[in-house]
Structure formats: structure tokens, C-alpha cells
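Let's take a friendly walk through this structure, one region at a time. Have the sequence and the 3D view at hand as you read.

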Amino acid sequence: MSEPKAPIPAPGDTYKGWLFKWTNYIKGYQRRWFVLSNGLLSYYRTQAEMGHTCRGTINLATANIAVEDSCNFVISNGGTQTYHLKASSEVERQRWITALELAKAKAFRMQAESDDSGDESSPPAAGQGGGSRNSEVQSTLRTLGSKVEDLSTCNDLIAKHGSALQRSLSELEGVRLEGQTSEKIRQVTERATLFRITSNAMINACRDFLSLAQAHSKRWQKALQAEREQRVRLEETLEQLAKQHNHLERAFRGATVLPPSQSNPAIDNKGSAPVKGDASDEDDENEFFDACEDVQEFITVPADPKYHRRSGSNVSGISSEMGMDDGTTSLDEQSVASNPESPQSQEVVPMRKRRARIPDKPNYSLNLWSIMKNCIGKELSKIPMPVNFNEPLSMLQRLSEDLEYYELLDRAAKCNNSLEQMCYVAAFTVSSYSTTVHRTGKPFNPLLGETFELDRAQECGYRSLCEQVSHHPPAAAHHAISERGWTLRQEIALASKFRGKYLSIMPMGSIHCIFEKSDNHYSWKKVTTTVHNIIVGKLWIDQSGEIDVVNHRTGDRCHLKFAPYSYFSRDVARKVTGVVTDKDGKAHFVLSGTWDEKMEYSRVMQSSRGGENGAEGRQKTVYQTLKAKELWKKTPLPDGAENMYYFSTLALTLNEPEEGVAPTDSRRRPDQRLMEQGRWEEANAEKQRLEEKQRTVRREREREANCSASPSEEAKEPADGAEEVEIASEPSETTYKTETLHGSHPPAYPMEGPYGAPVKSGHQDNYKAMWFERRVDPATGEPTHIYTGGYWEAKEQGSWDSCPDIF
């Protein structure tokens with residue numbers, strides 16, 4: 001039965017449709033979207049991927065198309081690529097076969113014409129070498145042409161004599177008389193001899209053609225490979241020239257648009273946006289679009305070409321659509337302005353040389369199960385842990401590592417548009433997790449009253465101060481201020497639970513970033529950190545959860561989603577996605593990347609509902625975006641980092657001894673210093689001494705607080721203040737889950753009233769922080785510790801008399 005006739009597409013048309021492609025023996029045939037265009041057959045998972053993520057392409061000019069049955073067919077190019085495809089019906093399969101054969105014929109013809117035109121137009125390589133090479137090729141082609149004519153003649157003779165032989169055999173079957181039999185047998189013998197001679201001639205001609213073709217094929221392959229390499233080199237050179245031209249054009253436009261205040265020569269040269277943006281253009285394979293349906297809440301597709309034309313010819317045109325002023329600095333212009341390679345941005349200032357190495361981590365064995373088997377269900381802050389599980393940094397120093405990529409806030413401070421500023425703040429939020437990917441060591445729990453200063457005013461323009469303001473639960477206050485127009489403050493309390501196989505660390509508290517020029521006030525919270533394989537296997541860290549970065553002045557918001565690791569996910573590991581919206585909920589930017597590598601942004605030109613259904617049957621939002629640009633990229637770790645606790649360049653300098661710091665500074669902590677030097681046994685003994693000293697001071701402080709309490713309060717509150725602290729600081733699992741459903745967290749410390757008055761609680765410890773004061777944040781309404789000043793003045797005067805003796 002012949003197949004029904006199908007519409008035949010024109011040879012130059014693009015043919016598209018759904019086909020089933022064989023993947024493996026587990027998943028079998030999977031539905032894919034195929035596109036046939038210009039002699040190339042490409043396929044995608046969905047139609048939405050056509051603009052950015054091609055899953056595979058095969059060139060039909062050298063491909064073989066074979067039909068297996070009524071619906072199945074195979075396309076192969078000689079072994080490197082083979083597609084086993086299945087159509088939904090026999091008619092559909094015939095349509096694809098016809099379209100593929102036409103496309104293959106056209107592609108082969110175009111390739112042959114291109115080769116011919118290339119031979120005719122190619123100049124001689126050097127002197128007469130090119131002429132001799134062309135004459136050699138022409139002679140070989142003439143020889144091969146004559147051999148092909150011989151093959152054609154032999155083919156005609158074989159067909160002629162074969163037909164005569166067939167007729168003689170048919171006549172021989174009808175012979176009846178003896179006389180006729182001998183005559184017919186003679187005729188059959190003669191014609192069989194002619195057919196054998198002709199066949200031998202055909203075989204000899206084929207052998208000559210094959211040997212001649214093999215003799216020249218290797219030489220032509222080498223010549224073709226040389227031409228391809230030269231073409232690649234020319235394309236790379238042309239691409240570099242185009243990038244240089246684009247870079248110069250943007251630099252000129254930025255120099256003519258940016259106000260003088262935006263070309264600050266003190267910008268640090270730690271990674272510039274233009275260089276990173278150019279690098280991201282070359283690495284299209286690292287774009288993160290194909291996500292699992294239960295993780296990604298939206299789909300991004302390339303915007304209409306009219307937006308690209310407008311954005312390429314007039315960047316300020318898009319800025320004006322977003323309501324920017326004439327003096328507004330766009331993200332691209334801002335990146336150019338902060339380029340450290342520009343002559344104006346380099347300033348020779350004598351800098352202090354920081355250390356680049358610490359002693360290598362010693363290889364001490366330890367029975368982990370003997371320590372951890374009695375700790376299941378307990379809070380981590382109440383478990384005595386040896387320094388074998390630590391790294392030679394305190395939690396205050398780890399908190400200061402959030403400033404590893406401070407230049408993102410420097411760039412954000414220069415943005416006049418709050419939505420673009422939000423992109424930098426969101427990238428800074430994600431960048432703070434990049435230092436944790438290999439850092440499986442536990443930082444030292446700070447002692448109550450311990451501080452850590454990070455004075456980088458000369459190198460980076462900022463100063464940072466951390467103080468441990470509570471011990472049960474452990475909580476630290478952090479304040480950083482930059483001369484480039486931003487202030488960062490946070491108070492983080494940790495709730496940690498050991499579940500046997502993994503450890504969950506849940507930071508509680510908010511992070512605030514205020515920009516002096518625009519008065520924009522941003523706040524956000526941290527996601528959950530999970531340490532896996534605590535008992536058996538290699539330790540590894542994952543970050544998961546959602547972050548809402550809110551601009552309290554304008555109502556802008558950025559919703560970031562950290563996808564948890566899943567063994568069955570087809571998506572890239574450690575993925576982060578986000579959308580920047582204004583107060584009305586309109587999306588302006590889409591962020592994508594990973595928290596351990598880089599973040600990119602894409603400007604949204606149009607959004608609509610109607611993508612593939614997501615979780616719970618909801619439709620995903622489809623964003624039409626411009627090409628992604630790089631916001632942030634992780635700085636590689638220093639050489640030998642695997643032997644130095646995987647510390648970054650900044651982390652290596654955090655515990656470096658410095659003169660003039662407070663006596664409570666983490667650099668002066670003896671057990672931490674001994675561990676860094678590799679003297680772990682001495683460090684363990686010193687750690688126990690410090691912890692016992694802290695317990696003694698705490699009991700004395702609680703006793704004084706109980707003695708000073710009024711009789712009425714003593715009747716209402718229990719006499720044992722320490723027991724009450726344990727209960728208050730370790731909420732039940734049910735309480736925690738109920739409160740977090742309403743967007744709050746269990747209180748980590750005594751709460752305060754709307755005017756800063758402390759709310760009564762069972763906590764009998766009357767400890768007050770040295771450099772921070774507990775107040776109610778006016779933007780969020782949450783109680784938090786805010787820096788009161790005086791530390792840097794005390795450092796200048798060298799007056800530390802008020803500091804306690806904690807070490």
C-alpha cells in the first residue's frame with residue numbers, strides 16, 4: 001500500500017513540527033520540537049527554547065536518511081550523530097521525509113557550488129604555488145570525470161545485456177523440441193558471457209575510481225581542514241574587533257553622558273562589568289533557561305527584534321521608557337564607568353600588603369560518630385565541639401565576608417534608577433553565599449562581647465565592625481559604612497538543628513542596606529544553609545529558600561529563589577532565579593545564575609501569561625527579554641586553597657594580626673590563633689578554658705541581675721535564670737513552624753516596645769552590647785541592634801579601658 005501524498009514544502013522554506021526522539025532505554029521516546037532550515041535539522045525541548053537553547057543540530061548535506069517502518073526513520077551523519085525519530089502518523093512521516101530529502105539535495109548542491117566558487121576565486125598562496133595547485137586539482141577532476149563516464153557506459157551495457165539475458169532465460173523455459181534446445185542454450189551462453197565481461201569491466205572501472213578517489217581524499221581533507229582553521233581564526237579576529245568597537249562605542253557614549261561624579265578614580269579593580277559582560281557573550285552555553293517545572297516560576301524568551309534594534313542604537317531610549325531622567329546611568333553605562341581598565345580609574349596609592357597564605361591544614365584523624373551520636377536533636381550552639389571541625393575564623397569574621405564583593409554596592413550607589421540599583425543589591429545578596437560552596441568547616445562561636453573590625457577604608461573605602469551581642473541564642477550585630485555612599489547593617493541569629501544525616505542552619509534577622517544619595521532603604525533575609533553527609537560521605541553544602549529584597553522607599557521588590565539540589569533534576573546545580581518588579585508588580589529585569597559562580601540580568605521588554613503550566617496547574621509568566629549581561633562573577637580562589645580551608649583572598653587576611661585593634665577583637669582569640677598555627681591539641685585546651693570562663697562570667701551576671709530585681713518580679717519569675725534562658729532560646733519545633741507561616745521568626749532576644757523600651761521576659765541576663773544599642777527599625781518595625789558610634793574614635797585614641805577582658 002502506497003503512502004498518501006503529503007504537501008511538499010518548498011526547498012527554501014523552514015519546516016517545523018513535533019517529533020518523538022529516542023533518548024535512552026529508561027525514558028524511551030521523548031517529544032521534541034524540530035526545525036528544518038538552511039540544510040540544518042535542529043531540535044528543542046519546547047517552542048520557547050528556539051530563541052536561546054538548541055539541544056542538537058545535524059547537517060543534512062552529509063547525512064543519511066533511512067526509513068524503518070510506517071512511522072519511524074533514522075538520520076545519521078556517519079556515526080557521530082544519529083537521530084532515531086518517530087512521527088505521529090505515516091502521513092506525517094512522509095511529510096518529514098520529503099522535506100528532509102529536498103533540504104538535503106539543496107544543501108548538497110549549495111555546498112558543491114560553494115566549493116566550486118571557492119576554488120575559482122581563491123588566490124595563489126605564494127607565487128605560482130596556487131596556480132600549480134589549481135592545475136593539479138583540475139587534472140584530478142578531469143580524470144575522475146572520465147572514470148565516472150566509464151562507469152556510466154558500463155552501467156548502460158550491463159542494463160542492456162542483462163535484459164537480453166533475461167529474455168533468453170524466459171524463452172528457454174518454453175522450449176519443447178530438441179533442435180531448438182541446443183540453439184537456445186547457445187544463445188543464453190553467449191549473452192551470459194557478454195554480461196560477465198561487462199560486469200568485469202564495471203568492477204574494474206569502479207576499482208580504478210575508488211583507488212583514485214582514495215589517493216586524493218586525504219590530501220583534500222587536509223586542505224579542507226586548513227581552510228576551516230583559517231576561517232575560524234578569521235571569525236575570532238572579526239569577533240574581537242567587533243567587541244573592541246562596541247566597547248569603545250559604549251565608553252564614548254558613557255563618557256559623554258555620565259556626570260563627573262560617576263567617574264570616581266577610587267573604584268577598586270576587582271572585576272569590572274564590561275569585561276565580564278563581554279565574557280558572558282562568548283559563553284552562551286552557560287545560560288540557565290531550561291529548568292524543572294516545579295522550580296522555575298517563569299520562562300524567558302528573546303524579545304522582538306525591534307527592541308534589540310532600539311536598544312543597540314539608543315540605550316537611553318529604553319531608559320526613558322522606564323521613566324529615567326536624562327542624567328540616569330543605565331546598567332551598561334554604569335559598568336563602563338566602573339571599568340578599572342580605564343586610565344582615569346587607576347590611582348597609585350601606597351597600600352598595605354596583606355598576607356596571601358596561612359599554614360596548611362594538618363591532617364588529623366577523628367572519630368566523628370563518637371562525638372555526634374549524643375548530639376542528635378540538640379541545638380548546635382550547646383554542643384561542645386573540638387576544633388577539628390572548625391576553621392580558624394570566628395562567626396564574626398565569616399559575617400564580614402559578606403563584603404567580599406563590596407564593589408557591587410559601590411556600583412549600586414551610582415545608579416539613579418532604583419530598579420537598576422535593585423539588580424546590583426540582589427547580586428550582592430547572592431554573592432555573599434559564593435564563599436560557602438567548599439567551606440565545610442564550622443567557624444568558632446564568638447564569645448559574648450567579642451568584636452571584629454575590618455578596616456578597608458584605604459583600599460576599598462569602607463569600614464566594618466561586628467560584635468557578639470547575645471550568646472544563647474548566638475547573635476551578632478554588623479555595621480559597615482562606605483565613603484562611596486552606602487551603609488550595610490545586619491543582626492543575624494542562628495537556629496541550627498542536627499538531624500543525623502544533615503545539619504540545617506537557619507539564619508534569623510534582617511539585613512539592611514541604605515544608600516545616602518537616593519535614600520533608598522533595602523532589606524532582606526538569608527536563606528537556609530544545609531550541610532549534608534555529616535556522618536558518612538563527603539561533606540557538601542547547599543543553599544535553598546527564597547529571598548525578598550524590598551526597597552522600603554519606592555516599593556520595588558526582587559524575589560530571588562534558590563533552588564535546592566535534587567539528584568533527579570535536569571537543571572544546573574545551585575541555580576538562582578529572580579524577577580525585579582516595581583511597586584505595581586510590573587517586571588523590569590530578570591536575574592539568573594548560580595550562587596557559586598555568577599549572576600546575569602536581562603531587561604524585560606514584555607511579559608505575558610500563557611507559558612507551560614507550572615506547579616499546581618498555574619500558568620507560568622513568559623518574559624520577553626534582551627540578551628543577558630553579567631552582573632557579578634566569582635573571583636577564583638587563590639592557589640593552594642584546598643590546603644587552606646578553601647579560604648578566599650579576603651578570608652586569608654581576616655585573621656592576620658593587626659596593631660591597634662580592640663582587646664576583644666577575634667584576631668586576639670588564643671584558641672583560634674593556635675588552630676591556625678596547626679597546634680590543635682593546645683587549641684582544644686584553650687577553647688575549653690575560654691568557654692568555662694564565659695560560663696563563670698555569665699553566672700555571675702545572672703546572679704547580680706536576680707539580686708537587683710524587684711520582689712514582685714522575683715515572685716513571678718523562676719529563681720534559676722539559666723534554665724529559663726535555655727527554654728526561651730530553644731523554641732519547640734511546632735512553635736517555630738507555626739510562627740514562620742506568618743512570616744515571622746521566634747524571638748531571639750528580649751523584645752522591645754515601639755519606643756525602644758524593653759519588654760519583660762524570663763531572660764535574667766542584663767548584658768548590654770558595647771558598641772550597639774537595641775532599637776526598633778523604623779522601616780521594618782523589627783527590633784535590632786544598631787551601631788551607636790565611638791569605636792573608631794576609641795581606636796584613634798587607643799583608649800580601650802571600657803572593653804571587658806574576655807580572653
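## An enclosed strand

Strand β12 (residues 462-470) is largely enclosed by the rest of the structure, because 8 of its 9 residues are buried. Buried here means under 20% relative accessible area, with exposed over 50% and partly exposed in between (1.4 Å probe, protein chains only). Strands (E, at least two residues) and helices (H or I, at least four) are DSSP runs, numbered from the N terminus.

This is a predicted model, in which local features need pLDDT of at least 70 and side-chain atom pairs count only at pLDDT 80 or more, while totals for chains, interfaces and linings use all residues. Residues are numbered from 1 along each chain as its sequence is written, and side-chain values use heavy atoms, leaving out hydrogens and water.

## Partners of β12

Which strands pair with β12? Pairing requires that DSSP finds at least two bridges between two strands. Strand β11 (residues 451-456) runs antiparallel to β12 and is joined to it by 6 bridges, with E453 opposite L465. In the hairpin of these two strands, 5 residues lie between them, and G461 takes a positive phi near 90°.

With strand β13 (residues 475-482), β12 forms 8 bridges, again in the antiparallel sense.

## The nonpolar cores

A nonpolar core is a set of buried Ala, Val, Leu, Ile, Met, Phe, Trp, Tyr and Cys residues joined through side-chain atoms within 4.5 Å. The largest one holds 67 residues, and W486, W524, L560 and L591 touch the most other members. Helix α11 (residues 418-431) gives the most to this core, namely 9 residues.

Take L591 as a guide: not counting residues up to four places away in sequence, it touches residues including C423, A426, L560, V576, Y601 and L631. Contact means heavy atoms within 4.5 Å.

## A buried tyrosine in a loop

Y405 sits in the loop between α9 (395-400) and α10 (407-414).

Beyond its neighbours within four places in sequence, Y405 is in contact with F428, S431, S434, W632, K633, K634 and T635. A polar atom of the Y405 side chain lies 2.9 Å from the backbone nitrogen of T635. Y405 and T429 are 24 residues apart in sequence, and their C-alpha atoms are 9.8 Å apart in space.

Definitions and conventions
Polar contact = N/O pair within 3.5 Å; in protein donor to acceptor, adjacent residues only side chain to side chain.
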